[in-house]
Amino acid sequence: MPERNSKYSGMSSQSYSKVILLIVPLLMVIALLAVSCKHSDDGINTGWTVGFLRGYVRDDSTLSYIEDATIELDGEVYETSSNGYYTILNVTPGEKFLMAYKDGYDTASTYINISVGDTSYANFFLTPEPEEPEYASIQGFIRNVTTWEFVTAAEIHFEDSIYYSNSSGRYLINRILPGYHTLKATKAGYDTMSLIVDAQNDLDATANFYIRKEEDAPPADTSKVVWTYTNTGSNHIVSIPVSISPTVYGDPLLPGDMIGVFYDSLGTDACAGYAVWDGSSNLPLAVWGDDNTTNEKDGLTSGETFKWKIRRISNLKTYDATATFSSGNDFFVSNGLSILSSLKVE
């Protein structure tokens with residue numbers, strides 16, 4: 001047989017052995033690399049020294065995905081995509097401290113273990129930070145209704161707190177929640193006066209008080225009407241715009257004059273709520289409804305027509321008045337709201 005041609009045919013056995021000794025270790029190294037090298041879950045070759053980290057960030061109240069939330073890992077920051085997901089490549093193995101945060105949310109954090117060549121998952125649910133409440137304020141003055149002088153160091157009672165008028169007879173109550181509030185103004189030797197004030201967001205509500213010294217009170221026979229009412233927990237708000245300029249026989253109301261709504265109580269007119277005219281701001285008047293858990297009638301029943309009265313502070317006389325409305329009802333509706341277009345005594 002002819003001799004086979006081989007490129008190693010001319011090699012000596014000693015040279016051939018050297019070639020074998022070089023090839024075998026190289027094949028072993030290649031095999032070891034193939035065994036040691038891992039792949040991520042999506043088939044990407046990560047090598048044998050790092051791992052992957054993936055996850056999402058969601059709002060824990062709405063469960064909506066949060067875009068552009070920040071993920072912080074090993075001093076590096078990453079952001080979630082438009083669908084709320086994030087991916088971090090080439091993460092060194094070991095236990096990691098991970099944080100997620102965004103403006104308007106509390107920060108969330110967790111520990112996670114990163115394994116070589118594997119993809120780990122860390123999902124976050126961020127809690128929205130509570131919104132800063134919007135506050136209102138109430139300001140005004142206290143005057144002696146007889147002398148028209150400002151009253152200093154008068155007490156203004158608001159909820160569980162007491163404020164005082166300054167040397168100019170003025171006061172200010174800051175950072176209160178919006179809504180209707182009841183205030184009382186008094187001073188030793190003076191009668192007490194109450195007002196219901198509508199305080200709106202970011203605005204100064206005005207509540208001016210006109211109080212009378214006890215020794216200046218008229219004789220009993222000229223002061224037969226004392227307006228008191230019961231807060232029954234159910235009311236109808238009537239707004240009296242300053243622009244309607246209520247009148248008594250053509251004369252405009254003066255600061256300190258009282259406007260009230262009455263109802264029939266066993267044949268007697270009873271007050272369901274009143275407010276004091278100051279002539280400078282719109283006047284909210286809370287008209288209280290009957291408490292049907294009591295035996296007596298202590299307010300208006302549903303559908304009962306308002307009965308209006310005006311009391312002059314100058315002569316302490318009370319007059320029946322007539323009102324017209326630009327919106328809302330002229331009768332009681334629990335949680336109702338009406339606005340007057342006129343109020344007069346003719």
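**Exercise 1. Is S245 buried, partly exposed or exposed, judged by its relative accessibility?**

Solution. First, know the model. This is a predicted model, in which local features need pLDDT of at least 70 and side-chain atom pairs count only at pLDDT 80 or more, while totals for chains, interfaces and linings use all residues. Residues are numbered from 1 along each chain as its sequence is written, and side-chain values use heavy atoms, leaving out hydrogens and water.

Step 1. Buried means under 20% relative accessible area, exposed means over 50%, and partly exposed lies in between (1.4 Å probe, protein chains only).

Step 2. Apply them. S245 has 42% relative accessibility, so it counts as partly exposed.

Step 3. S245 sits in the loop between β19 (235–240) and β20 (247–248). Strands are DSSP runs of E with at least two residues, numbered from the N terminus.

Step 4. Check the backbone. The phi of S245 is positive, near 45 degrees, and the residue is not a glycine.

**Exercise 2. Which strands pair with β22, and in which sense?**

Solution. Step 1. Strands pair if DSSP finds at least two bridges between them.

Step 1. Take β23 (residues 268–276). It pairs with β22 in the antiparallel sense over 8 bridges. Here I259 stands opposite A275.

Step 2. Take β25 (residues 307–311). It pairs with β22 in the antiparallel sense over 5 bridges. Here the bridge partner of I259 is I310.

Step 3. Look at the turn. The hairpin of β22 and β23 has 2 residues between the strands, and L266 takes a positive phi near 55 degrees.

Step 4. Judge the cover. In β22 (residues 258–265), 7 of the 8 residues are buried, so the strand is largely enclosed by the rest of the structure.

**Exercise 3. Which residues are linked with D269 in a network of salt bridges?**

Solution. Step 1. Set the rule. A salt bridge is a side-chain nitrogen of Lys or Arg within 4 Å of a carboxyl oxygen of Asp or Glu. The whole structure holds 6 of them.

Step 1. Start with K307. The side chains of D269 and K307 meet at 2.8 Å, N to O. D269 is in strand β23 and K307 in strand β25, 38 residues apart.

Step 2. K309 is in strand β25, 40 residues from D269 in strand β23.

Step 3. D269 is partly exposed at 32% relative accessible area. K307 is partly exposed, also with 32%. K309 is buried, with 10%.

Step 4. Join the pieces. The network links D269, K307, K309 and D320.

**Exercise 4. Describe the salt bridge of D74.**

Solution. Step 1. D74 bridges to K96, the closest N and O atoms being 3.1 Å apart.

Step 1. D74 is in the loop between β4 (70–73) and β5 (76–79), while K96 is in strand β7, 22 residues apart.

Step 2. K96 has 10% relative accessibility, so it counts as buried.

Definitions and conventions:
Helix = DSSP H or I, 4+ residues; strand = E, 2+ residues; numbered from the N terminus.
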